[in-house]
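Below is a short report on one protein model. The text begins with a surface feature and then turns to the sheet.

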Amino acid sequence: MVKVNQNYLKLSKSYLFSTIAQKVGAYTKEHPDKQVLRLGIGDVTKPLTPTVISALHQAVDEMGQADRFRGYAPDLGYAFLRETIAKNDFAARDCDIEADEIFVSDGAKSDCGNMQEIFDEENTVGICDPVYPVYMDSNVMAGRKIVLMPCTEENGFIPEIPDPMPDIVYLCFPNNPTGTVIGKDKLQKWVDRANESGSVILYDAAYEAYIRTDSVHSIYECRGAKECAIEFHSFSKNAGFTGLRLGYAVVPKALVRENVSLHSLWARRHGTKYNGAPYIVQRAGEAVYSETGRAEIASLVDYYMENATMIRDGLKDAGFKVFGGVDAPYIWLKTPGQMSSWDFFDHLLTTANVVGTPGSGFGANGEGYFRLSAFGSHENTAEAVRRIRENI
Ligand code: MLT
């Protein structure tokens with residue numbers, strides 16, 4: 001008789017955003033007349049930009065020509081995209097990352113979930129609480145021991161460095177769900193500690209395009225990070241690729257543990273289990289970095305940040321305690337009247353017909369908090385803020 005992976009039985013029944021989608025689906029089925037406003041999952045709503053669309057069209061046409069057709073993509077991604085990324089996301093920031101240290105993928109979520117496979121199951125894993133659930137769930141599936149790192153109002157939602165330092169540590173800044181950013185000096189301390197202890201930091205930079213203040217866009221801005229950190233990037237939140245799928249991971253060649261290159265291990269894993277992001281999507285990714293592409297993406301990000309300001313100011317003015325929303329598309333707020341996160345979710349859904357994400361879904365320290373996303377339209381965001389204010 002086959003044995004199932006018992007670790008899966010330790011997971012909550014469904015993935016947080018699937019649970020929310022089911023609840024909202026049940027509500028809308030019962031109340032088909034209600035206009036439900038969704039500020040829950042961080043899914044963009046603005047269409048792809050003209051430069052991206054034109055690159056997609058061009059690449060589709062190439063695929064229909066015998067001399068331009070492309071089959072399997074190279075394991076690590078096409079050189080045209082990796083070189084563009086290295087130049088724009090790293091060289092331009094004085095980060096010494098080469099194109100062949102970049103692995104193109106179908107998105108940061110998959111990379112964040114899969115990267116743990118190159119590490120032994122005995123490693124301890126430091127995970128923020130609250131946290132984007134993928135880091136936690138993927139390591140629970142692998143049966144690893146989790147060390148929770150509390151992120152609270154008291155520590156400004158930036159965890160203390162645990163002692164002992166866990167073998168693997170996930171950090172995400174700008175943070176999902178709290179919207180917090182980290183200063184370079186603080187991040188440098190994590191890098192130094194990881195290098196002392198031989199740990200590896202898995203740094204999720206999916207929201208770096210939202211940074212407005214003087215904060216770190218990449219962990220490789222810190223000294224010694226190439227020796228201890230892997231970084232994840234996404235094209236979803238800045239360029240709206242949530243439906244196209246594109247991201248990348250940086251695994252520096254200098255990152256070596258037990259005399260083994262983690263770059264080689266990830267290349268082996270990537271080559272074996274992954275067939276590459278489609279050619280047309282990689283061409284679209286390249287277009288994001290063109291002059292027009294960059295301008296369009298900047299205005300997309302500005303648009304969502306106007307929503308963030310609207311939510312932040314509107315709720316603050318109504319007496320809510322709010323965090324985030326300055327360098328991040330997420331607003332983290334304290335639920336009114338000590339309501340539990342899920343009670344507030346139900347209350348908002350049924351009275352205001354507004355969907356958010358319960359803080360406790362991101363971990364025990366998220367209890368009593370609630371996350372709103374800035375990825376809607378201006379109209380829906382303004383209406384959601386009005387309804388929330390009216391229903392508290
Ligand atoms: C979120 O809402 O936390 C994100 O959209 C989830 C994701 O990017 O996978």
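## Surface patch and sheet

V4, Y8 and L9 make up a nonpolar surface patch with about 330 Å² of accessible area together. Such patches take residues with over 30% relative accessible area and no salt bridge, nonpolar side chains being joined within 5 Å; a salt bridge is a side-chain nitrogen of Lys or Arg within 4 Å of a carboxyl oxygen of Asp or Glu. Areas follow the Shrake-Rupley method with a 1.4 Å probe. L9, in the segment before α1 (16–30), has a relative accessible area of 60% and is therefore exposed (exposed means over 50%, buried under 20%).

This is a predicted model, in which local features need pLDDT of at least 70, side-chain atom pairs count only at pLDDT 80 or more, and totals for chains, interfaces and linings use all residues. Residues are numbered from 1 along each chain as its sequence is written, and side-chain values use heavy atoms, without hydrogens and water.

Seven strands form an open sheet of mixed pairing, in the order β2-β8-β7-β6-β5-β3-β4. Strands are DSSP E runs of at least two residues, and a pair needs at least two bridges.

| Strands | Sense | Bridges |
|---|---|---|
| β2 (102–105) and β8 | antiparallel | four bridges |
| β7 (229–234) and β8 | antiparallel | four bridges |
| β5 (168–172) and β6 (200–204) | parallel | five bridges |

In β8, G247 is the bridge partner of S105 and stands opposite S234. Both faces of β8 (residues 247–250) are covered: G247 and A249 are buried on one side, Y248 and V250 on the other.

Definitions and conventions. Buried < 20%, exposed > 50% of the residue type's maximum accessible area, 1.4 Å probe, protein only. Patch = residues over 30% accessible without salt bridge, like charges linked within 9 Å, V, L, I, M, F, W, Y side chains within 5 Å.
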